[in-house]
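My entries follow in the order I made them.

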Amino acid sequence: MEVINALGRRKSSVARVYLSEGTGKITINKKDLTEYFPSAILQYVVKQPLNLLGCAEKYDIKVNLDGGGFTGQSQALRMAIARALVKINEEDKKALKAQGFLTRDSREVERKKPGQPKARRRFQFSKR
């Protein structure tokens, strides 16, 4: 099997995934998964598509992660892994789509407006 690559995005995070046959090792920016995401919840989020299909020990995954925070990065990585698994086996698409792993969450941070402290927050009104 050749190397399969896929892309996942969430907020301002971009995950580029390179999936090949192996023993289940996940390397993110030349670091191990447990080192890059110390939180067990984020590790679980990343492995969700692999656990759903029962192929967590089948593939080695090399990842380039860029931008955003740790939550956005983990969700971008989850999407990229799901897309790569669909490229390998088209029948898995239905199960992954039902869980929402293939849907791009398009919510972005709203820009700050001039004359206001934040995007929607206004300065406190003073009558006198």
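**Strand pairs and the sheet**

I started at one residue pair: I28 stands opposite K31 in β4. The model I am reading is predicted.

Helix α3, residues 70-88, packs on the sheet. I find α3 touching β1, β2 (13-21), β3 and β5 (59-66). The direction of α3 makes about 145° with that of β1.

I then went back to the strands around I28. β3 covers residues 26-28 and pairs with β4 in the antiparallel sense, over 2 bridges.

Next I wrote down the whole sheet. It is open, has 5 strands with mixed pairing, and its order is β1-β2-β5-β3-β4. β1 (4-10) and β4 (31-32) each have a single partner strand and stand at the edges, so one side of each has no neighbour in the sheet.

β1 and β2 run antiparallel and are joined by 7 bridges. I noted one of the partners: I4 is bridged to L19 in β2. The two strands form a hairpin with 2 residues between them. β2 also pairs with β5, again in the antiparallel sense, and here I list 8 bridges. V14 has D66 in β5 as its bridge partner.

**Two loop residues with positive phi**

I looked up K11, which is found in the loop between β1 and β2. Its phi is near 50°, a positive value in a residue other than glycine. K11 counts as partly exposed, at 45% relative accessibility.

I then looked up N29, in the loop between β3 and β4. The phi of N29 is also positive, near 50°, and this residue too is not a glycine. At 32% relative accessibility, N29 counts as partly exposed.

**S13**

Is S13 buried or exposed? I find S13 in strand β2, and at 1% relative accessibility S13 counts as buried, because the cut-off for buried is under 20%.

What lies by its side chain? The backbone oxygen of G67 is 3.0 Å from a polar atom of the S13 side chain. The backbone nitrogen of Q73 is 3.3 Å from a polar atom of that side chain. Leaving aside neighbours within four places in sequence, I list G8, D66, G67, G68, G69, G72, Q73 and A76 as the contacts of S13.

**The nonpolar core**

The largest nonpolar core has 28 residues. Which of them touch the most other members? I wrote down V17, I28, F37, I61, L77 and I81. Two or more residues come from each of β1, β2, β3, α2 (40-53), β5 and α3. α3 gives the most, with 8 residues. As background, I note that nonpolar side chains tend to be buried together in soluble globular proteins.

I returned to I28 for its contacts. Apart from neighbours within four places in sequence, I28 is in contact with L33, Y36, F37, V63, L65 and L77.

**The aromatic pair**

How many aromatic pairs does the structure hold? I count 1 aromatic pair. Y36 and F37 form this pair, which is edge-to-face, with 5.1 Å from centre to centre and 90° between the planes. F37 counts as buried, at 1% relative accessibility. Both Y36 and F37 are among the contacts of I28 listed above.

Definitions and conventions:
Residues numbered from 1 in each chain as written. Predicted model: local features only at pLDDT ≥ 70, side-chain atom pairs only at ≥ 80, totals over all residues. Heavy atoms only, no water. Pairing = 2+ DSSP bridges. Helix = DSSP H or I, 4+ residues; strand = E, 2+ residues; numbered from the N terminus. Contact = heavy atoms within 4.5 Å. Axes fitted to C-alpha atoms, helices over the stretch in contact; angles between N-to-C directions. Phe/Tyr/Trp six-rings, centres within 6.5 Å; stacked < 30°, edge-to-face > 60°. Buried < 20%, exposed > 50% of the residue type's maximum accessible area, 1.4 Å probe, protein only. Core = buried A, V, L, I, M, F, W, Y, C linked by side-chain atoms within 4.5 Å. Polar contact = N/O pair within 3.5 Å; in protein donor to acceptor, adjacent residues only side chain to side chain.
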